[in-house]
Amino acid sequence: MDLGLKGRTAIVCAASKGLGRGCAEALAAEGVNLVICARTKPDIEAAARDIAAKYGVKVTGIATDITTEAGRREVLAACPNPDILVTNAAGPPAGDFRNFTLDDWRKAAESNFFTPIALIQATIYGMMERGFGRIVNITSASVKAPIPALELSNGVRAGLTGAVATLARTSAKHNVTVNNLLPGQHETDRLTSIIGNNIKKSGKSEDEVVKDMKARIPANRFGTAAEFGHACAFLCSAQSGFITGQNLVADGGAYPGTL
Ligand code: NAP
């Protein structure tokens, strides 16, 4: 299926690796030119080079922290009028609610609430004027089913979901959609560190921990960044203009609800 995106431009945040990279590659495969960012310079430069060579699109890699105002300014200066915006940044750490400081909450809000809000505010009105725009926020399955010890993530991501819910309806008549893509467990560095924590906590072997984690997923496996990227590309497609304000869970069936 041709997603009708050839020649469009996209900002994909936090995209040298993991889910952001999956989204960047899936869009590049559709002929979308990219501005991607990550904090580690060699990694983002290598990602930009590799994606450009593989898909024949223009890719600008920016080494910056997207959760800072300076970082967002840099990315927006490189691409002030994107057709597509994929917001993403590292998730907040796990912990014990009793020990979270207000500063921990502020940091979580800065990364996973204020940052996407600022990027959306800077880009969505231009998209509306131009009559095309697709915004996808990478959030978490924890928005639908909160995860113990991840209260920082559960809280701020639910806040973002609420904050964009009416915006997604306001922009729809301009062919600008806003959707949230909610990853369950995918094979990325983030998952490797979660597996490491589970090994420490349980005293079990890596094989046992991974087997137990997969057993809780109806698909009996972890997702891949590539398949997550395809879901993102579909939400960004020309054909998806009637899908807005949605929270699409990509979790191999782990969320047990019907809605
Ligand atoms: P990941 O594998 O750790 O990838 C992180 C990518 O984001 C890297 O390219 C990293 O590069 C970049 N990055 C992180 N923080 C950044 C920042 N402040 N500014 C710019 N770039 C940044 O993570 P992931 O698994 O793809 O997860 C993506 C998001 O989905 C996170 O919010 C995560 O919490 C959420 N999520 C993931 C899963 C999962 O199973 N993977 C499940 C639920 C939710 P640098 O380190 O060089 O900056």
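An oxygen atom of the ligand lies 2.7 Å from an N or O atom in the side chain of arginine 39, a polar contact being a pair of N or O atoms within 3.5 Å. Threonine 40 places a polar side-chain atom 2.6 Å from an oxygen atom of the ligand. Glycine 184 contributes through its backbone, with an N or O atom 3.2 Å from a ligand oxygen. The protein covers 91% of the 890 Å² of accessible area that the ligand has on its own, as computed by the Shrake-Rupley method with a 1.4 Å probe.

This is a predicted model, in which local features need pLDDT of at least 70 and side-chain atom pairs count only at pLDDT 80 or more, while totals for chains, interfaces and linings use all residues. Residues are numbered from 1 along each chain as its sequence is written, and side-chain values use heavy atoms, with hydrogens and water left out.

The shell around the ligand holds 27 residues, each with a heavy atom within 4 Å of the ligand. The closest are Ser16, Leu19, Thr40, Ala89 and Thr188. By class, the shell comprises eight nonpolar, 13 polar and six charged residues; Asp, Glu, Lys and Arg count as charged, and Gly is among the polar residues.

The helix packing may be considered next. Helix H4 (residues 102–130) and helix H5 (residues 151–170) pack with their axes 9 Å apart and at an angle of about 15 degrees, the axes being lines fitted to C-alpha atoms over the stretch in contact and the angles running from 0 to 180 degrees between N-to-C directions. H4 is therefore roughly parallel to H5, a term for angles under 35 degrees.

Terms used. Polar contact = N/O pair within 3.5 Å; in protein donor to acceptor, adjacent residues only side chain to side chain. Helix = DSSP H or I, 4+ residues; strand = E, 2+ residues; numbered from the N terminus. Parallel < 35°, antiparallel > 145°, perpendicular 65-115°, else oblique.
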